[in-house]
Amino acid sequence: MRPFAIALLVPALALAGEAHHQAQDSDPGASQGGGMMGGMMGGGGMMMGGSMEEMPVIHRLLLDHEKIRREVKDLPDGVEATTTSSDPQVTALIRKHVGEMKARIEKGEPIRQMDPLFREIFANHQHIHMTIEDVPGGVRVTETADETRVVSLVRQHARRAVSEFVAEGMPRAMRPTPLPPGYAPSGGEQHSPGHAGRCCCWKST
């Protein structure tokens, strides 16, 4: 098995339910599983939404996950993650996706909001800082946080979300991501595993 050390494509390579509901409103065929939106929703609606431009990129990265390598190391206030591929097309998609997710973090535009971890990341987006450097075959992302509790979210995203998406592809995208051990959700929210399991989605605003 390839060494996937984890990571963090803004908080990112990953994502898709709210977008699915939006598609149902505008496209009757989507409710019957037609088209790209329907094709991404199998397994109970646990994927990773996003805009119509973002979703095909996410979908392809999940399908081609075996072509992706990740290395992640902890920093005092976050992580450094390098995500690469020997396939030029996958490399281009990695760079595009990371840039799109960085923009979402900076603007506070949520995605995959029924996933406990992603919900918290976007609730604390103002404390997260990202830089992207192109490297051969992909990108190196440095993601840090200026609050200790948010650092734990950044690391959890890198290890328990993105790296697992890369390692497992579509099946992993259908499952929610747990919060870091001992982490209390913002505002004291509590969501049962059953609720999170119904639809882990990314919501565009």
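So, Phe 165: this one is buried, at a relative accessible area of 1%, where buried means under 20%, exposed over 50% and partly exposed in between, using a 1.4 Å probe and protein chains only. Quick caveat: this is a predicted model, so local features need pLDDT of at least 70, side-chain atom pairs count only at pLDDT 80 or more, and totals for chains, interfaces and linings use all residues. Numbering runs from 1 along each chain as its sequence is written, and side-chain values use heavy atoms, with hydrogens and water left out.

Now, what does Phe 165 pair with? Rings of Phe, Tyr and Trp (its six-membered ring) pair if their centres lie within 6.5 Å; planes under 30 degrees apart are stacked, over 60 edge-to-face, the rest tilted. That rule gives 1 aromatic pair. Phe 118 and Phe 165 are stacked, 6.5 Å centre to centre with 25° between the planes. The pair links distant parts of the chain, with Phe 118 in helix α6 (residues 116–123) and Phe 165 in helix α7, 47 residues apart. Phe 118 counts as buried because its relative accessibility is 0%.

Helix α7 covers residues 148–168, and Thr 148 sits in it. Helices here are DSSP runs (H or I, at least four residues), strands are E runs of at least two, and numbering starts at the N terminus. Is Thr 148 buried or exposed? Exposed, because its relative accessibility is 71%. Its C-alpha lies 9.3 Å from that of Gly 78, 70 residues away along the chain.

Zooming out, the chain has 9 helices and 4 strands, and 53% of its 205 residues count as buried.
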